[in-house]
Amino acid sequence: MAEHVASLKSYTLVFLSLLVLTFATTLVATIDLGPLNVVVALFIAVVKMMLVALFFMHLRHSTILMKVVVGGGMLWLAILLVLSFSDFATRGWLPVPGK
Amino acid sequence: MDSHVELPQLQEQFETPAQQKEVSTLGMWIFLVTEVMFFGGLFLAYAIYRREFAAVFGLASNSMDVWMGAANTAVLICSSFTMVLAVRSAQIGSRKALIVFLILTIVFGGVFLGIKGIEWNEKFVEHHVPGPSFHLEGTEEQGPAQLFFSLYFTMTGLHALHMIVGEGLMLFLLWHAYKGKYTPSYYTPVDIGGLYWHFVDIIWIFLFPLLYLIARHQH
Amino acid sequence: MITEAVEERETYLNASYGIKSWLLTKDHKRIALLYLHTITFFFFLGGIFATLIRLELLTPKGGLVSADTYSKLFTLHGVIMVFFFLIPSIPATLGNFFLPMMIGAKDLAFPRINLLSWYLLVIGGCFAMYAMLAGGVDTGWTFYVPYSTNYSNTYVIATGLGIFIAGFSSILTGLNFIVTVHRMRAPGMTWFRLPLFVWSNYATALIQVLGTPVIAITLVLLIGERTLHIGIFDPARGGDPVLFQHLFWFYSHPAVYIMVLPALGIISELVSVFSRKPVFGYKVVAFSSVAIAVLGFLVWGHHMFVSGQSVYAGLVFSFLSYFVAIPSAIKVFNWTATLHKGSISYATPMLYAFGFIGLFTVGGLTGLFVACLGVDVHVHDTYFVVAHFHYIMVGGTIMAYLGGLHYWWPKMSGRMYPEGWAKLSALIIYLGFNLTFFPQFILGYLGMPRRYWNYPDEFQVLHVMSTAGASVLAVGYLLPLIYFMWSLRYGPIAGPNPWGATGLEWQTSSPPPAHNFDETPIVTTEAYDYAALEAAKVG
């Protein structure tokens, strides 16, 4: 629902931020942060996603229902990943062969 | 009943144009959620195997051309920018601007696919395509190495397929924009076409760091 | 005289003629009938496979078909019944027909997508039929790897493609229903005035939209593994066959709730109208549908207790599986409370509802047995599990579907079915069902594995009982097919509201006009307001 006409300025700002963040994530990847590399990379990706979703996809001015729909999608992806990992991450924890 | 006669785009089952627009937008967002779950299965497979074979995946990721990947990311971001400007043009009734921005979006999309094609060809030449002639230098674990590239090709391939569908959608919008079909009171297809396009951009926003930036610090 | 008047009135059936007016229709009611024909076809096709299975199992050494053919029989039975009958069944027929009417809408939000959904089911079905006729598929409906990817010499890919395409039919139906319920309700039709059948179709739609895409990608990966050997499930490449099972069951467990939730919605309607009382605890029952949909996504690992999944994951999934039983139990308690001091009539739909409540309870309880990790280690892949899910799918869903079909038949067709034959059929089905499947609980507990074409001699008596039951069940299912068709020409004409039920669908003629209501209804009463209905009659 984009009845609210956003300004050229706000769109351009978001566009430039996305480019800067892309450059940043590429650069940060060359620095060794150990396990934090993944965290930082995903964090930046999430920020970029939020910028695209909220501003380019007009989610900021959408109804609560649309926001719930998007949130639900994120939550369901999380369920798939987390519960599956409850298996893969705990294999070998018990001294039972094959488990 | 009169409103149905004055606005040929208002479908019978709706009471008002506003209802029709809201319904179309809601429908597209729900469709995008199904796409999240569709790609989600691939992200799960990726996460599991990356955790299991961290070193080999890092090695394989480093064989990717990070600058082509980054360039492609920038290209898609540009295409999202032109897309959102296209929607804005439709909103304010600038038919010419709408057409220009749609064309730019299509061009950026084409550039993305072109770069992807070059990359894939490079992978083929380097023997990084899973199959009998696969070989990744620097590791004994050729199986897991192939796994990385299987995931790479499946994920970017599925993404590219969505891009191609997106290009088709854009051409459809371009044609109808040229015919003058979109006005400030009816530009829903441009709006929801934009939603689809941005979503495909978001998928790539995740694919880029996950596939190209795993172990760059270990170069 | 009455016949003439009915034929003059314009209904959705006579609004236009010719095959194009059906194949290119946008009317949700016509699309519902298209689906009705399609799923009835698949039901009887799946039934033929069931018949062959039961005939093979009459004797311990088998001999009717080879072992390989037997594998194809149970695979095709499962694939057809799950993907081409049960998943679409209630939502695509009764849901499609009545959801818009129940909310006071002229049609679904996306009528053309609705038609597309039907075509996708038919096209998917064609792929599956091709696979069946070309030589079949023998992997089991679960397509476990590595057998389906590396070793099976049957038409796995064609079947997989068929299911993939049919999956999109399901996704689009779900999308359509969600948007429709959110944005197309008539004035005054608030969420808590909706019939419970709408709530359960809505909850079902949530599952369709969130779960089906995952089996879609799973099938893509399966086909990729089988054709291109991408290695994603192949241990030789570092892949994990258990990953396939996680991806498969992430959808296929919620899928069983796609198959049962709409049935639960029908029972709420039937229990209410045939005891002439509002459903006890309406809000709780409504929320329980959504709870089942949500919780159903958290338990899939209970299909994988013995697969090589970690024990900790097994514990988590077993624990969560006990929670999903709670909302189902709540419904059963609330239906019972609805019946209490109700004015109960034993019309055929109510007989099916009673049958459902008993059989669903047995199925649900045995679900709890298998949800227990320790017990499942013994009964996994035995006939105990087979009996459990047939109690829900057949004793539950199919009975509810038949109940709903009988209940809404007069509205859809304008004719009443023959009550005597209908009651007899319900009884035959109930008896046949129990004779078929109760012995299977015992068989499974005694150790009879599923998917086996032969067995030790001591199991024969129970197998013979089961096959005898299956033949009774077959008769029970054929009778409605015959008398429903008979009723279209010779059944008594039905009025707008033969049951005296509440609900917007009964406020319009039988069959309804093409645009459902002559004027958009304005809703001012709560759901199931039988008190007001009785008062209006007296007044």
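In chain B, what share of the contacts with a separation of 6 or more comes from residues 24 or more positions apart? Select chain B and keep that in mind: the share is 76%, with two residues counted as in contact if their C-beta atoms, placed from the backbone, lie within 7 Å.

Before going on, some housekeeping. You are looking at a predicted model, where local features need pLDDT of at least 70, side-chain atom pairs count only at pLDDT 80 or more, and totals for chains, interfaces and linings use all residues. Residues are numbered from 1 along each chain as its sequence is written, while chains are lettered from A and ligands numbered from 1 in the order in which they are written.

**Stop 1: chain B**

Stay on chain B and switch to cartoon. You'll see seven helices and zero strands, running α-α-α-α-α-α-α from the N terminus on. Helices here are DSSP runs of H or I with at least four residues, strands are E runs of at least two, and both are numbered from the N terminus. Colour by burial next, and 52% of the 219 residues in chain B come up buried. Buried takes 20 or more other C-beta atoms within 10 Å of a residue's own, exposed takes 12 or fewer, and partly exposed is in between, with C-beta atoms placed from the backbone.

**Stop 2: chain A**

Now select chain A. There are three helices and zero strands, in the pattern α-α-α along the sequence. The C-alpha trace spans about 60 × 40 × 10 Å along its principal axes. Its radius of gyration is 19 Å, whereas a compact globule of 99 residues would be near 13 Å; that radius is taken over C-alpha atoms, and the globule rule is 2.2 Å times the number of residues to the power 0.38. Buried residues are 33% of the 99 in chain A. Of the contacts in chain A with a separation of 6 or more, 53% join residues 24 or more positions apart.

Colour 1-59 and 62-92 separately: these are domain 1 and domain 2 of chain A, with bounds from an automatic or database domain assignment. Their C-alpha centres lie 21 Å apart. Four residues from domain 1 of chain A and five from domain 2 of chain A make the contact.

**Stop 3: where A meets B**

Show chains A and B together. The contact takes 35 residues from chain A and 36 from chain B. On the chain A side, helix 1 (8-28), helix 2 (36-56) and helix 3 (64-88) each give two or more residues, and helix 3 of chain A gives the most, with twelve. That side of chain A divides into 25 nonpolar, eight polar and two charged residues. Nonpolar covers Ala, Val, Leu, Ile, Met, Phe, Trp, Tyr, Cys and Pro; charged covers Asp, Glu, Lys and Arg; the others, Gly among them, are polar.

**Stop 4**

**Last stop: helix 11 of chain C**

Zoom in on residues 282-295 of chain C, which form helix 11. Its buried residues include Y282(C), I292(C) and L295(C). The buried residues of helix 11 of chain C pack against helix 9 (196-228), helix 10 (241-273) and helix 12 (311-339) of chain C.

Definitions and conventions: Expected span 1.5 Å × (residues − 1).
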